[in-house]
Each structure stands twice: as C-alpha cells, then as structure tokens.
Amino acid sequence: MSLRSRKSDREGLFSGEKAERAIIDIGSNTVRLVLYGASMRAPKVLLNEKVAARLGRDIASSGELAQEAVDLALRGMERYALVLGDLGITDIEVVATAAVREAANGEDFLGQLRALGFAPKVLSGVDEACFSAWGVIGAFPKARGMVADLGGGSLELVNVNGGAPSDALSLPIGTLRLPEMADDQAGLKKALEKTLRKADIVNTDGSLYLVGGTFRAMAVFAMQRAGTPLTDPHGLSLPYEEAIKVAKELAATSSDDLQAEPRISSMRAGMLPDAAVLILTLLKHLKPDRVIISAWGLREGLLFSRLPDHARRQDPLLAGVAHFAAQRGAPPLLATRVAGWTVGAVAKNVQGSERLRLAATMLSLAAMQIEPNLRIRQGVEWALHKRWLAVDPVGRAMMAAAICANGNNLNLPDELHAIAGEDALEEAICWGYATRLCRRLGGRSRKSFESSQLLVEGGTLILRLLTSHAALFGVPNEKDLGLLADRLKLDARMEVVEHLEDITPVAGDNGIPIVG
C-alpha cells in the first residue's frame, strides 16, 4: 500500500466517513457528481454537487448539444476530475442519458470527457429505466406497480414486481421538451395522451413511483399544502384522488407564484405546471392505487444493482440506522442485545414491528451519547427528518417517541401526535422505557445482560437478577422498572435467583432482526 493510500485511509477513519464510490450523472438538465460512503445498502451521500448545464435544451430544435452548455458541462467535469483525484477515489461510474445519446455531436462531447480521464457510458432508454427501477426497489423492497422517472429529455416507465423491473420503455417527454409539445396546457394534455396511447404501456396493478427532481419538488408542494411536520419528500404516499387534487392545483399555479414557495427552486418552479399536466395524464391513464415519491432512482439503482444478492436482501432501514448509530457510540451488536433483553416485556408489536423497534433502540442508544440538554431534541430530529428508507411517517413518530421515553421525557413534541395515533405512541414509549431500564441496569456491560432477565408472568413485570449481581438493583433501576410496569399496566417485582431459567433471546430469536 502506498503512503498516499495509507494517509487516505487514516483520514477516512478519523473523520468517521470515507467516500468509496462516485457517480457522475450527465443528464439533460444537470451534470451531477455524488460521492457515497457508509453501507452501500443504504449509502450515505458525502458530496452532492451539480452544474445546471442544460445540455438537452436545443436537442428538439437543432439536434445538437449547445456549445455553451457543453462548455459549462466540461468546466464542471474538469473540477470533478480534480476533486476525485485529490480524494483518491477510483471507483467512478460516469453515465450519460437522453441528451447525449440523442445529440448529433454527442460522441464529440464524450471524446472530450475521455480526454479528461473519464470512461463515460451512454445508457439506452431501457437501461436508464431499469436502473431507476432498481433504485426504487432498493428503497422500497416490496415495491409493486410502475416507476416513472422524469428527466430533462425523457420519461422512463418501467414495471416493478417481485423485486425486479420489466417492460421498460423510454419516451421523448422531458421537462425541457414539455413546453415545446403545445402552446397551452389543453394542447399539452392532448399531445401527452396521444404519446401514451401509442406507447401501449403495460401496467401492473399497484402504485406509481415517481422519480426525479421535478417530482420531488411536487411532493414538497404537497407537503407544504398539507402542513405535515415532516420535511423529507422521499416516501410521501398519496392516494389516487389526493394525487389528482395536488396535480390539478399545481397545474393551475403560475411559475411566478411557485418561485415564492419555500424549498422550490426557480428552475423547478418553471417546470412544475407542465409537469403537473403530465402527472394528471399519467394518473388517468394508469389509475394506480397510490402515488409514492422516491428520492432513489438512477444513481442509487446503479449502486444497488452491483450489490451481491445477500446485500440486496439487507433491510435498508436497519442498514442505514446501524451505520449511523455505530458512529455515535451505539454499535449494532449492543442494540441487538438490548432488543433481545427487552423482547419478553414489550414484544406486542400491535402498531410497530421488531425491525422498527430495533431501529428505535439503535437511535435511542446513540442519542444518549449527546449532551443532556440536546439529546432529546436531536434524537427526535434524527427520527423525523433524516432520510431513512423503508419507514413510514407513523414509524418515524414511533422511533421519536421511543427516544423521548428512553430519556424519561414524555412531553412528546406536538408533531408526533399529528403523525401517529395514541396507541402507536404508547407502544413506542414502552420500547423507550424498556431500553432505559436495560442500559441503566449495568451501564451496558456484557455481564449485566448475562446476569439478568426481564419477563412478564401473569400480571407482573419481573426483573430477575443472579445472586452475584443482586446489588445491581439500585434506586434508579427500581424507578425505571416501575415506570415501565405502569405503562404496561402491570405490577413490578425484582427477584434474586441462583440460575436464570430461560436464557435471554439471542440475535435472530423471536423475530429480532440481525444487523451486521
């Protein structure tokens, strides 16, 4: 190993993050560099930078990439080459989509990229659709329906079912092309309907998954109108009728008014009304059960498709939370032990699940490493607003409630009550109190897990301790046991025993997921 590579490894180790892969996505609107680290099952974005080159702006009129756009794109690519070289990143994937594959001078542009040291690959429309579908499958393992990925130069449509894409196609419909299809929205609607009919789309029953920055901006608009306390558009799920309502409102809103909306860029504001007409047309043509926004698409699909089967099967929520929590003093093995120790007392899972409880346990333990005056607020922010995969709003609220109870703070933020029902929050409070009892009993020591047991017999919550560790039961632990018993509507008792009759469940028992 060279001195340079050893230094790079040390820097990555000390910073807690190391960029492992880079993807450069050369689209019709933007040229984007994204650096990924952490678990590749739920990769963390370490750098996300774009150049709004608008390479595809003149394709419909001239059939070529505009020279000004090419110059702007190359300037960005020169910078990317330097950044990647300085960071020592060698796993680099460069893909180009509609604008480059359709332009008469696309090959000339690719030659200039090769001169910079890149090895660009032009994706076909079908390839682009399939990689976007893999991204959706990675974020929503049980995805069923159709993926629609809207870029600047094309619209990719592909079915997803059974964990794989099928029936992929690419249509010459993009945000840069929509204004050129008709003079007004009525004409645009007719042109889109005609294009969709000719495409002979084969749609499976299920949801419509929307991918792309313009669709995410649409989701932000919907969230602001609904007054939801959540901020991440990923995973937003709207019933068919609600999606129709949002799209109609957007189509009737001027670009100038949209620019005044917080969190909607001027570029997206100019595209949204026409994109809303496209959504209305798609919805009436496909009639999906729901519309779901996916922040994962082409780039994440490129990563996910390269994973071995066993890695693809990992739970994306647990993979992401495990890496995040481990960097904050809560390794997955510790959280799994805590979840196993508490399973006998709280494994009702009426509203939640064991995977959700384990994720909540990891975040609860990580939050305790923060200063006392910050830990509850910061932990709730993690649960509600960080981009976790495969968790719905109620699940986010339950993770936040568990974090609060773990800190013995039941003054739950108002947004939790706005998201989840009282039964779900109460279940999560019990999760948090059980975690609190476990971690405080022996300071997270391995011996405390081996020498104690929590179970319910009849109407009593029992904490059993081996004789050798009976003194662990102090005043704070007696209080913790009582708090949990009260929430469970049980009596509480501590027992000292010579032997533990039933061994505390190990990882994988009783439905507790294993986190690597």
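**Sheets, helices and cores in the predicted model**

Strand β11, residues 290-294, is mostly covered, with 4 of its 5 residues buried. The model described here is predicted. β11 belongs to an open sheet of 6 strands, ordered β8-β7-β6-β9-β11-β10. Pairing in this sheet is mixed. β8 (164-171) and β10 stand at the edges. Each has a single partner strand, so one side of each lacks a neighbour in the sheet. On average, neighbouring strands of this sheet are turned by 20° against each other, direction ignored.

The pairing around β11 can be followed strand by strand. Strand β9 (residues 207-211) pairs with β11 in the parallel sense, over 4 bridges. Within this pair, Tyr209 has Ile292 of β11 as its bridge partner. Strand β10 (residues 237-239) is joined to β11 by 3 bridges, and these two strands run antiparallel. Here Ser237 stands opposite Ile292 in β11. Val147 has Tyr209 of β9 as its bridge partner. Strands of a sheet pair through backbone hydrogen bonds, in either the parallel or the antiparallel sense.

α6 lies across β6, β7 (155-161), β8, β9 and β11. The helix runs at about 135° to β8. Gly125 is placed in α6, which covers residues 125-139. Its relative accessibility is 13%. The cut-off for burial is under 20%, so Gly125 counts as buried. Beyond residues up to four places away in sequence, Gly125 touches Arg101, Glu156 and Ser170. The C-alpha atoms of Gly125 and Leu171 are separated by 8.0 Å, although the two residues are 46 residues apart along the chain.

β12 and strand β13 (residues 460-466) run antiparallel and are joined by 6 bridges. In this pair, Glu457 stands opposite Thr460 of β13.

Ser452 lies in β12. Ser452 is buried, with a relative accessible area of 0%. Its side chain makes a polar contact of 2.9 Å with the side chain of Trp341. The side chain of Ser452 also reaches the backbone oxygen of Ser448, at 2.4 Å.

Asp480 is another buried polar residue, with a relative accessible area of 1%. Asp480 is placed in helix α23, residues 475-488. A polar contact of 3.1 Å joins its side chain to that of Arg436. Leaving aside residues up to four places away in sequence, Asp480 touches Arg436, Leu437 and Arg440. Arg436 is therefore both a polar partner of Asp480 and one of the residues in contact with it.

Helix α17 (residues 354-367) is largely enclosed by the rest of the structure, because 13 of its 14 residues are buried. Its length follows expectation. At 1.5 Å a residue, the 14 residues of α17 should span 20 Å. The end C-alpha atoms are 20 Å apart, which agrees.

In soluble globular proteins, nonpolar side chains tend to be buried together. The largest nonpolar core holds 115 residues. Leu157, Met399, Leu454, Leu461 and Leu484 touch the most other members of this core. Met399 touches Leu356, Ala359, Ala360, Leu363, Ala383, Trp388 and Val391, not counting residues up to four places away in sequence. Another core, of 31 residues, lies apart from the largest one. Among its members are Ala129, Ala133, Val147 and Leu307.

Notes:
Residues numbered from 1 in each chain as written. Predicted model: local features only at pLDDT ≥ 70, side-chain atom pairs only at ≥ 80, totals over all residues. Heavy atoms only, no water. Pairing = 2+ DSSP bridges. Buried < 20%, exposed > 50% of the residue type's maximum accessible area, 1.4 Å probe, protein only. Polar contact = N/O pair within 3.5 Å; in protein donor to acceptor, adjacent residues only side chain to side chain. Contact = heavy atoms within 4.5 Å. Expected span 1.5 Å × (residues − 1). Core = buried A, V, L, I, M, F, W, Y, C linked by side-chain atoms within 4.5 Å. Axes fitted to C-alpha atoms, helices over the stretch in contact; angles between N-to-C directions.
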